[in-house]
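Please consult the sequence and the model alongside the text.

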Amino acid sequence: MALESWLLKVKTVISNGIETVKTTAVREGKKGNVGVLVFEIAGLMSKLLQLWQALSDKSVLWIRHEAIAVEGVRKIVSNDEAFLLALACAEISESLRHVATSVGRIGKRCEDSALWSFDRFFEEFADLGKDAQCWVLSRSDMDSKVVKKMNRYVAAAARLHKVIDVLADTEQSLRKLLSSTELESSIRVKKISDLQQKLFWQRQEVKRLKENSLWNRSFDPVVLLLARSVFTVLARLKLVFGIGRGHDNPVTLPRSLSATVYPSENSTPSSKFVSWPLITKNPDQPDLAEGFFNSNTKLLKPPPTTLGLAALAQHYANLIIVIEKMIRSPHLVGMDARDDLYGMLPASLRASLGARLRGVGPCATNPVLAAEWREALACILDWLAPLAHNMIKWQSDRSFEQQSVVRRSTNVLLLQTLFFANQAKAEAAITELLVGLNYIWRFEREMNAKALIACTEFYGSPNSQS
């Protein structure tokens with residue numbers, strides 16, 4: 001009876017603890033504190049840090065001289081350098097637009113009317129270059145102060161998220177133990193006592209981490225930090241891609257890199273507004289009449305001839321990776337695996353493969369031809385496989401972002417994947433891989449069969465047995 005009474009008290013304490021947490025969160029929300037939104041805000045900060053890094057001198061040079069120069073990109077995506085650079089700019093700006101949309105929504109919780117109107121100010125800055133609130137920071141301030149501060153906030157939020165998850169698991173374990181009757185009373189009491197002690201210290205740790213994070217901060221200073229960072233990233237984006245020329249607080253860049261992407265002789269900054277000359281060398285830059293972000297979003301829509309529009313980019317990436325593995329070890333490919341591969345082929349690929357295989361002889365016994373096919377397949381995979389692996393990595397990184405406070409750093413751009421790849425060119429390359437794989441697969445089987453027959457005849461002959 002005493003044990004049951006004690007267990008009832010423990011259940012009441014746990015229940016009251018949970019209700020206290022809920023009540024505190026509601027009260028903090030009414031006071032205008034960040035509270036549980038700390039994790040969303042930390043995610044936004046993590047994304048901004050990634051975007052800022054993506055616009056560093058090193059990253060811009062990588063885009064300009066390496067990312068758009070990949071052989072596979074030039075073969076089946078585009079050989080137009082200006083178009084590829086515009087795609088890189090559009091992808092970064094689209095990511096920034098999503099962050100800005102979230103900042104604008106959170107800004108509605110602020111008391112400062114300027115932060116409340118963040119959406120309007122951001123649109124004016126994007127389209128007209130008007131920074132009425134002087135939110136753009138200098139590059140040195142962004143690097144020396146803001147980046148370090150946001151890194152601390154992101155790390156603190158990640159630790160808090162982890163400890164809260166552990167706390168929830170401990171509470172669940174205690175609830176299960178309280179409702180269980182399998183253990184002896186003495187053992188059960190000991191385990192409950194240990195879990196209670198563990199819960200106490202975990203709750204203290206959660207409290208400490210909340211104090212060291214953004215949890216108890218008011219919205220205004222936090223959103224102001226986000227707003228200034230968003231403006232500064234956009235200013236940097238315009239500068240390195242040659243879209244805007246100057247603003248109140250210019251994000252300076254070394255003279256040799258100030259027009260890294262789209263060189264222009266006219267780089268004199270204006271005083272109040274960012275002028276937006278359309279660079280004649282790059283007709284793919286945003287159209288002023290459509291708006292900066294609208295035009296970039298439009299540019300990211302895949303053309304009719306691409307795998308992206310056909311919704312085949314992900315499927316073909318998986319298909320190419322399977323083919324790559326089979327080409328590396330054709331002797332390990334069985335009939336079932338071959339049938340499964342054929343089952344992965346869309347109708348268009350089956351048709352082109354059937355046309356290419358028509359007239360091919362039933363035998364594959366020529367070692368010279370097999371060697372030539374291996375060399376040809378290796379050449380195709382050298383430029384095609386990286387696009388397939390990039391497609392998988394790009395998709396994986398986006399899925400990871402939705403599940404984690406800290407964003408995974410990536411250097412894969414959408415233009416480096418199969419998304420913008422020309423469907424006809426991609427299918428022609430895949431067809432060649434399949435034809436070559438078919439030959440070397442049959443060659444390996446026939447060579448193995450001959451070797452087996454020769455071995456059987458040797459060991460089965462009378463002379464070998466004597």
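The model is predicted, so local features need pLDDT of at least 70 and side-chain atom pairs count only at pLDDT 80 or more, while totals for chains, interfaces and linings use all residues. Residues are numbered from 1 along each chain as its sequence is written, and side-chain values use heavy atoms, with hydrogens and water left out.

**Whole chain**

The secondary structure comprises 17 helices and zero strands; these are DSSP runs numbered from the N terminus, with helices being H or I of at least four residues and strands E of at least two. Of the 466 residues in the chain, 46% are buried, where buried means under 20% relative accessible area, exposed over 50%, and partly exposed in between (1.4 Å probe, protein chains only). Among contacts (heavy atoms within 4.5 Å) with a separation of 6 or more, 79% join residues 24 or more positions apart.

**Helix α7 and its partners**

The buried residues of α7 are Phe-118, Phe-121, Phe-122, Phe-125, Ala-126 and Asp-127. These buried residues pack against α5 (81-107), α6 (113-116), α10 and α11 (292-299). After α7 comes Gly-129, which has a positive phi near 80 degrees.

The axes of α7 (residues 118-128) and α10 (residues 219-240) come within 11 Å and cross at roughly 15 degrees. Here axes are lines fitted to C-alpha atoms, for helices over the stretch in contact, and angles run from 0 to 180 degrees between N-to-C directions. The two helices, α7 and α10, are therefore roughly parallel; angles under 35 degrees count as roughly parallel, over 145 as roughly antiparallel, 65 to 115 as roughly perpendicular and the rest as oblique. In their contact, Phe-118, Phe-121, Phe-122, Phe-125 and Ala-126 of α7 meet Ala-227, Val-230, Phe-231, Leu-234, Ala-235 and Lys-238 of α10. By class, this contact has 10 nonpolar, no polar and one charged residues; Ala, Val, Leu, Ile, Met, Phe, Trp, Tyr, Cys and Pro count as nonpolar, Asp, Glu, Lys and Arg as charged, and the others, Gly among them, as polar.

| Residue | Helix | Relative accessible area |
|---|---|---|
| Lys-210 | α9 (residues 185-212) | 15% |
| Leu-85 | α5 | 2% |

Lys-210 is in contact with Leu-160, Trp-215 and Asn-216, leaving aside its neighbours within four places in sequence. For Leu-85, the C-alpha atom is separated by 7.7 Å from that of Ile-63, 22 residues apart along the chain.
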